[in-house]
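Keep the sequence and the model in view as you go.

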Amino acid sequence: MRHPLSLYPGILMRKFKTVFMRGGTSKGCMFLKDFLPADRAQWDSIFLQVMGDPDPKQIDGMGGTVSSNNKIVIVWKSELPGVDVEYLVGQVIAGKSQVDYKSNCGNMTAAVGPFAIEEGLLPAIAPITTVRMLNHNTGKRIDITVPCENGGIALDGDCQIAGVDGTAPELKVNFLNPAGSKTGKLLPTGNTLDVLTIPGLGEIEATILDISNPMVLVRAEDLGLTGTELPEEINQNNAVCELLENIRGTAACMMGFANNLDDARENSPAVPKVGMVTVAKSYPHIANEHVDMQEMDICARVISVFKCHKACPLTSASAISVAAFLPGSLVQQIIPNRDWLQGVRIGHPSGVMKMYPSFAQEGDDIVIPGVAVQRTARRIMDGMVYIRS
């Protein structure tokens, strides 16, 4: 067999070791930092070519055209006390020559633990190995428990998550002290409820908070929606998409990420995310199976990089679950008097996910020690990815 480079006569190619993994309801390329150039100025060009940008179809790369399938994760062994591995997430913006490092990806975080063990960054200790991680997008700590057996990670389990076929070993991802990931504040505006003035809409109530990633939440009904719409229906509604982007951009300006709506669209497309919430409602999910209102506490749809997410980003689910217990927030108004020990069940386009936020009081301040969620992950492929020199 000829070496792959010989298939491209006269063209110099570069290759990089990568592992293609699913984490939760996202997937992307995992890289060990040691196998990337020390000069980080080269990284964006590498990652864009790996995913096949700027072609929005990404035919010439590994990308999957939507934000959830366009993740880059760089992992390295930590020398910090109490930390096993450190990692950075890059969000490749499909159709643009842009990699956004402003936010963490909660779903791909679930893949970092198994990846680190399989790559030998720490030993597999049966029956459970806790991987202590530091995310460099947010500066936040995350612990993930990984089932292990026979000197490696367990490959079989009975955990099933909405949006993923089959079962796998349960990973419990606990985002430690997630408040203020980018702004330093749980409530960047100081309010649990703000009134935004939106071009093309007028005034609308919103809850803006920063849990794992910054988030702005509005009522679906205030946009003329039911909140049960599936992603393609939302994506094809140009008027609603424009309103949602204006809401997101307005919140980005209020949080200090952008100077105006155009700046938010061009330079901060992934932060904050914008979500619509409504009361528990029954609906058919994207595989046309019935999701019953009795299975959830709240129904949500989240826009990630201009498109409706096919499930719910994990960091967004963290924010929604915490908002459920903030007096006066949109979510708390929808599901009042809930016991946080029971968790929060969020209905999304692929089913239902359950979040477990924890709370403490320090004087007049609400403290969030952690938000935990059940996830699964799987190594799909490993090998060399080739790009033009």
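**Exercise 1: the largest pocket**

Strand 21 gives five residues to the lining of the largest pocket, which is the largest share. Since the model is a predicted one, read the values below as computed from it.

Task: Describe the space in the largest pocket and the residues that line it.

Solution. Begin with the space itself, which amounts to about 380 Å³. Next, turn to the lining, which consists of 16 residues, with Met-13, Gln-49, Asp-60, Tyr-386 and Ile-387 lying nearest the centre of the pocket. The elements that each contribute two or more residues are helix 1 (43-51) and strand 21 (377-388).

**Exercise 2: helix 2**

Solution. A residue counts as buried when its relative accessible area is under 20%. Among the buried residues are Met-108, Ala-110, Phe-115 and Ile-117. After helix 2 comes Gly-120, which has a positive phi, near 80 degrees.

**Exercise 3: Ile-142**

Task: Is Ile-142 buried or exposed, and which residues does it touch?

Solution. Locate Ile-142 in strand 7 (residues 140-149). Its relative accessibility is 1%, so Ile-142 counts as buried. Leaving aside residues up to four places away in sequence, Ile-142 touches several residues, including Tyr-87, Thr-109, Val-131 and Phe-175. Lastly, Ile-142 and Ala-110 stand 32 residues apart in sequence, while their C-alpha atoms are 9.8 Å apart in space.

Note on methods
Residues numbered from 1 in each chain as written. Predicted model: local features only at pLDDT ≥ 70, side-chain atom pairs only at ≥ 80, totals over all residues. Heavy atoms only, no water. 1 Å grid on protein atoms, 1.4 Å probe; cavity = no way out; pocket = protein on both sides within 12 Å on 5 of 7 lines; lining within 4 Å. Points joined across faces, edges and corners; volume = space filled by probe spheres on them. Helix = DSSP H or I, 4+ residues; strand = E, 2+ residues; numbered from the N terminus. Buried < 20%, exposed > 50% of the residue type's maximum accessible area, 1.4 Å probe, protein only. Contact = heavy atoms within 4.5 Å.
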